[in-house]
Amino acid sequence: QVQLVESGGGSVQAGGSLRLSCAASGYTISINCMGWSRQAPGKEREGVATIDNVGSTNYADSVKGRFTISKDNAKNVLYLQMNSLKPEDTAMYYCAANPWYYETSEIFNYKYWGQGTQVTVSS
């Protein structure tokens, strides 16, 4: 149905920036909401940001003001601009998407998931 491929991860120093990309393919017309979650070793999974079909966004308190989620609908690409990165942002970041016909309010229940891209922030 929908395939998601993340890219843009890497290693940066604290205070630096990265932009993650998530390319969606397949039946992309079905996508309603998209978002990013992350998980660091030894820590629980955390929702980072979501964006819905009309552009409404939601951010975790830990990234509010530093991260920006956006979509390029023409190219079917989801972005996560990450500024002022902190060591605690170090995690595997996962892109997720949910179709119109699969109703859920929780990013962790989204139907489609990418394989993840690693972000490492050093102090």
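By class, the lining of the second largest pocket holds seven nonpolar, four polar and two charged residues. Here Ala, Val, Leu, Ile, Met, Phe, Trp, Tyr, Cys and Pro count as nonpolar, Asp, Glu, Lys and Arg as charged, and the others, Gly among them, as polar.

This is a predicted model: local features need pLDDT of at least 70, side-chain atom pairs count only at pLDDT 80 or more, and totals for chains, interfaces and linings use all residues. Residues are numbered from 1 along each chain as its sequence is written, and side-chain values use heavy atoms, with hydrogens and water left out.

## Pockets

A pocket is an open set of points on a 1 Å grid over the protein atoms alone, where a 1.4 Å probe fits, with protein on both sides within 12 Å along at least five of seven lines; lining residues have an atom within 4 Å of a point. Grid points are joined across faces, edges and corners, and a volume is the space filled by probe spheres set on the points. Strands (E, at least two residues) are DSSP runs, numbered from the N terminus.

| Pocket | Volume | Lining by class |
|---|---|---|
| Largest | about 250 Å³ | nine nonpolar, seven polar, two charged |

The largest pocket has a volume of about 250 Å³. It is lined by 18 residues, and Thr-50, Asn-58, Ser-105, Ile-107 and Tyr-110 are the closest to its centre. Strands S4 (31-39), S5 (46-51) and S6 (57-59) each supply at least two lining residues. S5 gives the most, with five.

Of its 13 lining residues, Thr-28, Ile-31, Lys-71, Asn-73 and Asn-76 are the closest to the centre. S4, strand S7 (67-72) and strand S8 (77-82) each supply at least two residues of this lining.

Thr-28 sits in the loop between S3 and S4. At 17% relative accessibility, Thr-28 is buried; that term means under 20% relative accessible area (1.4 Å probe, protein chains only). Beyond residues up to four places away in sequence, Thr-28 touches Val-2 and Asn-76. Contact means heavy atoms within 4.5 Å.

## Cysteines

How many disulfides are there? The count comes to one, taking a disulfide as a pair of cysteine sulfur atoms within 2.5 Å. Cys-22 and Cys-95 form it, with their sulfur atoms 2.0 Å apart. Cys-22 lies in strand S3 (residues 18-26) and Cys-95 in strand S9 (residues 91-99), so the pair ties together parts 73 residues apart in sequence. The torsion about the S-S bond is about -75°, so this disulfide is left-handed. Cys-22 is buried at 0% relative accessibility, and Cys-95 is buried at 0%.

Cys-33 is buried at 15%. Its sulfur is 12 Å from the closest cysteine sulfur, in Cys-95, too far for a bond.

## Core and strand S3

A nonpolar core is a set of buried Ala, Val, Leu, Ile, Met, Phe, Trp, Tyr and Cys residues joined through side-chain atoms within 4.5 Å. The largest one has 30 residues, of which Leu-4, Met-34, Trp-36, Leu-80, Met-82 and Tyr-93 touch the most other members. Elements giving two or more residues to this core include strand S1 (2-7), S3, S9 and strand S11 (117-122). Leaving aside neighbours within four places in sequence, Tyr-93 has contacts that include Trp-36, Leu-80 and Met-82.

Ser-21 lies in strand S3 and is buried, with a relative accessible area of 18%. The C-alpha atoms of Ser-21 and Leu-80 are separated by 6.5 Å, though the two are 59 residues apart along the chain.

Notes
Helix = DSSP H or I, 4+ residues; strand = E, 2+ residues; numbered from the N terminus. Buried < 20%, exposed > 50% of the residue type's maximum accessible area, 1.4 Å probe, protein only.
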